[in-house]
Amino acid sequence: MFEEIIAALVRADVRFVVIGGVAATIQGSARFTNDIDICYDTAPDNVERLVKLLAGWNAYLRGVERGLPFVMDSKAFRITPVMTLTTDVGDIDVLDVVSGVGDFAAVLKASEVVEIGDVEFRSLELDALIASKRASGRPKDVEQLIELEAIRALKRRETIE
Amino acid sequence: MTLSDFALLVDAPPKWVLNTLAVLGSGVRYTVPIAERLALVRVLNRDLGIALPRAWSLAGAALLRPVGQSNVVSVVAGDGSVTVAIDIHRLQAAVATRRSQLATMHAPRRAGRKPRRSSNPLSAAQRYGLDVSVLQANLKRSPSERLRQLDAMASFRSRVRRKP
């Protein structure tokens with residue numbers, strides 16, 4: 001599911017960085033997540049490609065009843081910086097800014113290249129993930145923050161040893 | 001619905017919502033139709049400089065009108081020399097998108113002070129009840145192995161159903 005979504009985004013030439021729970025898993029988190037969060041470049045050509053891909057996956061709003069007004073186009077992405085979607089391939093949240101990190105340029109700077117098979121993509125680094133969890137301040141992020149800080153301590157210890 | 005939730009639907013700071021409702025008078029409830037109306041009021045007031053009571057009235061009229069195929073309604077503002085075209089469908093879609101965010105992602109900020117940074121994050125994790133050995137085992141895997149493990153868990157979860 002996640003691998004399929006990432007590979008499709010890469011194939012569609014969408015500029016994005018994996019953030020949130022999947023990025024935390026890549027860093028070593030043991031927490032389960034059901035959706036993938038990405039931060040995307042808001043350049044018009046990139047948004048067009050993202051919209052086309054999501055429309056092809058029959059994206060619709062998650063957590064609300066079917067039949068509500070919904071527009072999946074570039075203008076909608078300009079108006080709403082966060083979209084929480086359910087699609088044929090899984091749940092996906094698309095954001096144009098990450099709290100505690102910044103816009104796509106800042107997120108890109110705070111990301112690293114990850115490989116799965118022959119697919120290369122960017123995922124948020126551990127320090128930036130910690131900063132985003134700290135900034136969001138949601139109760140559910142507190143546990144994740146504790147876990148991520150423990151992972152950072154383990155990685156540092158590993159480097160020293 | 002809390003003020004914070006309602007403000008998210010309107011796409012305005014909670015303070016703006018409170019001040020606007022104070023200007024418009026009491027009796028306005030935190031509902032989705034009112035959020036749609038206030039979202040439109042905010043645009044009319046902020047972007048076009050229309051006074052709040054007039055914007056409230058224009059927004060009410062626009063949302064009540066039967067929409068045509070284009071979903072665009074026109075309202076006459078000012079002294080009649082200005083006509084504003086409002087895409088009601090897009091406005092309602094934006095509110096619906098924020099409703100989805102509210103249902104799945106949004107949570108009010110944690111009250112009180114931010115959690116203190118522990119001098120020993122591993123002890124803090126153990127005190128919290130996290131199994132550090134699981135994290136150590138995870139770190140021995142490559143990032144792609146971790147991602148594939150998560151994928152397998154997600155796939156398992158989607159296939160498992162409780163027997164009725």
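Chain B and chain A bury about 4,600 Å² between them, and carbon and sulfur atoms give 66% of that; buried area here is the accessible area (1.4 Å probe) that two parts lose on being put together, summed over both. This is a predicted model, where local features need pLDDT of at least 70, side-chain atom pairs count only at pLDDT 80 or more, and totals for chains, interfaces and linings use all residues; side-chain values use heavy atoms, with hydrogens and water left out. Residues are numbered from 1 along each chain as its sequence is written, while chains are lettered from A and ligands numbered from 1 in the order in which they are written.

**The interface**
- Chain A puts 59 residues into the contact and chain B puts in 43, with contact meaning heavy atoms within 4.5 Å.
- Three salt bridges are counted between the two chains (a side-chain nitrogen of Lys or Arg within 4 Å of a carboxyl oxygen of Asp or Glu).
- Arg148(B) and Glu3(A) pair up through their side chains in a salt bridge, at 2.9 Å, N to O.

**The cores**
- The largest nonpolar core holds 75 residues, and Leu54(A), Phe77(A), Leu85(A) and Val94(A) have the most contacts inside it.
- Helix H7 (residues 139-160) of chain A is its top contributor, giving eight residues.
- Domain 1 (3-105) and domain 2 (121-160) of chain B both supply residues to this core, so it lies between them; the domain bounds come from an automatic or database domain assignment.
- A nonpolar core is a set of buried Ala, Val, Leu, Ile, Met, Phe, Trp, Tyr and Cys residues joined through side-chain atoms within 4.5 Å, and buried means under 20% relative accessible area, exposed over 50%, partly exposed in between (1.4 Å probe, protein chains only).
- Leaving aside residues up to four places away in sequence, Leu54(A) touches Ala59(A), Met72(A), Phe77(A), Leu85(A), Ile92(A) and Val94(A).
- A second, separate core has 28 residues, including Ala7(B) and Leu91(B).

**Chain B layout**
- Chain B has eight helices and two strands, running α-α-α-α-β-β-α-α-α-α from the N terminus.
- Helices (H or I, at least four residues) and strands (E, at least two) are DSSP runs, numbered from the N terminus.
- Of its 164 residues, 36% count as buried.

**Confidence in chain A**
- The mean pLDDT of chain A is 89, and 99% of its residues score at least 70; pLDDT is the predictor's confidence in each residue, from 0 to 100.
- Among the elements of chain A, H7(A) has the lowest mean pLDDT (83), and strand S1 (residues 16-19) has the highest (95).
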